[in-house]
Amino acid sequence: MIIKAPQPFTFEAPDSNRAVLLLHGFTGNTNDVKRLGRYLNQQGYTVHAPLYKGHGVDPETLIHTAPEEWWQSAIEGYEYLRSLGYEKIAVGGVSLGGVFSLRLAEEFETTGVLTMSAPALAKNRDSLNKRIVDYAINFKKLQGTYNPIADDEAILSEEYDMPELTRLQHIINDTSEKLSVIESPVHILRGMKDDDYYCQSADVIYSGVKSRIKSVKSFVNTGHIMTLGAERDRVYEEVHYFLEGLSWND
């Protein structure tokens, strides 16, 4: 089966000065934030979501990209909105997209920062590599080529080993070490059905940023990919509520 690869998207709102950059997670793609993007566009926001290099395609391609290239994709998304003439840009993302949102706020001017299920410290390399193995299995299932014997997790773990994951760990940890430079308003969302690691990370991020306006919101029946979970409509409303409170006209 031929799989149609996800694409970056831009939903423009005519006569709006409000732009939002949405960022997906590690091994995710723009489909993870597309429904949220459409919702925000209906509320009058221009929304852009880049696709990280190597994501949304076959696992062989993914493992031959580097975390710095994914980060560059996020930067290019921010610069794209700038090229459209937007001076006020809020950034937000899921998991690694939340980390990249914080990193953008550390290095660029941002109107507000929204994180969803963002890690404060990198997981160990085996946990990160398992994400790639799960990605490979799901991709093979979509293709119709999955073989439970040939595609055993132990076999795929060796086949899709990605040494560059240590660099991803560095990016996540380095971002957390610099949280104190962030002054933009920050809103942190977490799902209480997510791993404790991510739930506790929300508190670490909250304590680390020095923004005068910062908050944490918990969703009891939500897991890791908050934008697609059982409470996604409430998540969208919460995101909108935060964005409406930002200073777009200063």
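Tyr-146 touches Ile-137, Lys-140, Lys-141 and Asp-151, leaving out residues up to four places away in sequence. Contact here means heavy atoms within 4.5 Å. This is a predicted model, in which local features need pLDDT of at least 70, side-chain atom pairs count only at pLDDT 80 or more, and totals for chains, interfaces and linings use all residues. Residues are numbered from 1 along each chain as its sequence is written, and side-chain values use heavy atoms, with hydrogens and water left out.

Tyr-146 sits in the loop between helix 5 (125-143) and helix 6 (153-159). Helices (H or I, at least four residues) and strands (E, at least two) are DSSP runs, numbered from the N terminus. Tyr-146 is partly exposed, at 31% relative accessible area. The scale is this: buried is under 20% relative accessible area, exposed is over 50%, and partly exposed is in between (1.4 Å probe, protein chains only). From Tyr-146 to Glu-159 is 13 residues in sequence and 15 Å in space, C-alpha to C-alpha.

Gln-169 belongs to helix 7. Gln-169 is buried. Its contacts, leaving aside neighbours within four places in sequence, are Ala-122, Lys-123, Asn-124, Arg-125 and Leu-128.

Ile-89 is part of strand 4 and is buried. Gly-112 is 23 residues from Ile-89 in sequence, yet 7.4 Å away in space, C-alpha to C-alpha. Gly-112 is also one of the residues that Ile-89 touches, and others include Leu-21, Tyr-78, Leu-81 and Trp-248.

| Residue | Element | Relative accessible area |
|---|---|---|
| Tyr-146 | loop between helix 5 and helix 6 | 31% |
| Gln-169 | helix 7 | 18% |
| Ile-89 | strand 4 | 1% |

Helix 3 has 17 residues and reaches 24 Å from first C-alpha to last, close to the 24 Å expected at 1.5 Å a residue. The expected span is 1.5 Å times one less than the number of residues. Buried residues of helix 3 include Pro-67, Trp-70, Trp-71, Tyr-78 and Leu-81. Their cover includes strand 2, strand 3 (46-49), helix 2 (59-63), strand 4, helix 4 (96-107) and helix 7. Gly-85 follows helix 3 and has a positive phi, near 105 degrees.

The axes of helix 3 (residues 67-83) and helix 7 (residues 165-177) come within 8 Å and cross at roughly 45 degrees. Helix 3 is therefore oblique to helix 7. Axes are lines fitted to C-alpha atoms, for helices over the stretch in contact, and angles run from 0 to 180 degrees between N-to-C directions. Angles under 35 degrees count as roughly parallel, over 145 as roughly antiparallel, 65 to 115 as roughly perpendicular and the rest as oblique. Pro-67, Glu-68 and Trp-70 of helix 3 meet Arg-167, Leu-168 and Ile-171 of helix 7.

**Cores and helix 9**

The largest nonpolar core has 46 residues, and Trp-70 and Phe-100 touch the most other members. Such a core is a set of buried Ala, Val, Leu, Ile, Met, Phe, Trp, Tyr and Cys residues joined through side-chain atoms within 4.5 Å. Trp-70 touches Phe-100, and its other contacts include Phe-26, Tyr-52, Met-162 and Leu-168. Another core, of 25 residues, lies apart from it, with Phe-11, Tyr-45, Ala-49 and Phe-242 among them.

Phe-242 is one of the buried residues of helix 9, along with Val-235, Tyr-236 and Leu-243. The buried residues of helix 9 pack against elements including strand 2 (19-23), helix 1 (31-42) and strand 4 (89-94).
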